[in-house]
Amino acid sequence: IILAFTHGGSVGTFQIFPYDFMHKIYTNIKSPVSDSEEIINLEVCSIPEISEIPYGATVVIGHAYGKFLPNSYYIAKKVEQFLELQRNKIRQVIFTGDVFKEPSIAQWEKLYEQFSASFDVFVAPGNHDIAKLAAADIFALSPFNFRGAKRINSDSAVLIIENSISSNWLINPSTKALLQDNANSSMFLLRHNIPIIELIMFANSIEFKSPNLPTAENFTKQFGELEKLVIISGDSGAKAHLPRQTCHRYQNFTFISNGIGEVIGDRILVIEGETIYSYPLD
């Protein structure tokens, strides 16, 4: 009994076998979506890969803290090393949630002080960043705090970051207003959560998910006037059984998920102009 209890605790704490298998079963039970039937109407798309970061690039990083381990006190080492190495090429970095496992004022200040002199840093917060009241208060005191949604600087495409936790994964009203104001532009919406029900199988968790999360068809009906929209979600890729990135298209909407899991094949996203690329960290 003692051995079984000890092993069970180790599985949950250190995510050793059979953690990934059990987590996948749990996720499928909690999030009953058929990957063979529900996404049949979504076109699978590919993201071109680059081997070098272009100058003036916008870098997008989801689930930056990587593995869920007791000693995860900062962004994943491979993410930090990448930012240090490429700091002279990067124009701005957008973290799409779960930057830290357990955020603190010291962590947010370290992130700002380490990189803000080289490039702009933005955070579209995730559940680890603001879900708990204390974490939300800490984020509000950080240099990255914002409410609802905001547009950030870009030479060509419109870039909008959103707090999708506060709206339970749904597109929040301030985001809708920004999207409608730029309806005739090529837009990127950067957020933590996956916005349509067909793709929630790729989410790291379903915490705070609205029961009214739309299908791709209903989503496009809400925003049919938009010319082109790419939605990037950072709540993915944390576990080995999840893909490093996904890309699906429905009409004039593209849905991308991406996140760091500190496993082989980890990738980040790079936006240059109106084009998005995949960049391997290994």
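Glu43 and Arg249 form a salt bridge, with their closest N and O atoms 3.6 Å apart. A salt bridge here is a side-chain nitrogen of Lys or Arg within 4 Å of a carboxyl oxygen of Asp or Glu. The pair links distant parts of the chain: Glu43 is in strand E1 (residues 43–44) and Arg249 is in strand E9 (residues 245–250), 206 residues apart. The model is predicted, so local features need pLDDT of at least 70 and side-chain atom pairs count only at pLDDT 80 or more, while totals for chains, interfaces and linings use all residues. Residues are numbered from 1 along each chain as its sequence is written, and side-chain values use heavy atoms, with hydrogens and water left out. Helices (H or I, at least four residues) and strands (E, at least two) are DSSP runs, numbered from the N terminus.

Glu43 is partly exposed, at 45% relative accessibility. Arg249 is also partly exposed, at 28%. These labels follow relative accessible area: buried is under 20%, exposed is over 50%, and partly exposed lies in between (1.4 Å probe, protein chains only).

The count of salt bridges comes to ten. Among them is the pair Arg91 and Asp155, at 3.1 Å from N to O. This pair too links distant parts of the chain, with Arg91 in strand E3 (residues 90–95) and Asp155 in the loop between E5 and E6, 64 residues apart. Arg91 is partly exposed, with a relative accessible area of 29%. Asp155 is exposed, at 71%.

A further salt bridge joins Glu162 to Arg191, and its closest N and O atoms are 2.7 Å apart. Glu162 lies in strand E6 and Arg191 in strand E7, 29 residues apart. Glu162 is buried, at 0% relative accessible area. Arg191 is likewise buried, at 0%. Elsewhere, salt bridges that share partners connect Lys78, Arg244, Asp266 and Asp282 in one network.

Helix H7 spans residues 173–181, and its buried residues are Thr175, Leu178 and Leu179. Seen down the axis of H7, these residues fall within an arc of 100°, so they line one face of the helix. The arc is that of the directions from the helix axis to the C-beta atoms. An α-helix has 3.6 residues a turn, so residues three or four places apart point the same way. Pro173 and Asp181, on the other side of H7, are exposed. The buried residues of H7 pack against strands E5 (149–152), E6 (158–162), E7 (186–191) and E8 (228–233).

Strand E2 (residues 57–61) pairs with strand E11 (residues 267–272) in the antiparallel sense, over three bridges. Two strands pair if DSSP finds at least two bridges between them. Val60 has Leu269 as its bridge partner in E11. E11 also pairs with strand E12 (residues 275–280), again antiparallel, over six bridges. Glu272 stands opposite Thr275 in E12. E11 and E12 form a hairpin with two residues between them, and Gly273 in the turn has a positive phi of about 65°.

Asn258 lies in strand E10 (residues 253–258). Asn258 is buried, with a relative accessible area of 2%. Contact means heavy atoms within 4.5 Å. Leaving aside neighbours within four places in sequence, Asn258 is in contact with residues including Val60, Arg244, Arg267 and Leu269. A polar atom of the Asn258 side chain lies 3.1 Å from the backbone oxygen of Arg267.

Note on methods: Polar contact = N/O pair within 3.5 Å; in protein donor to acceptor, adjacent residues only side chain to side chain.
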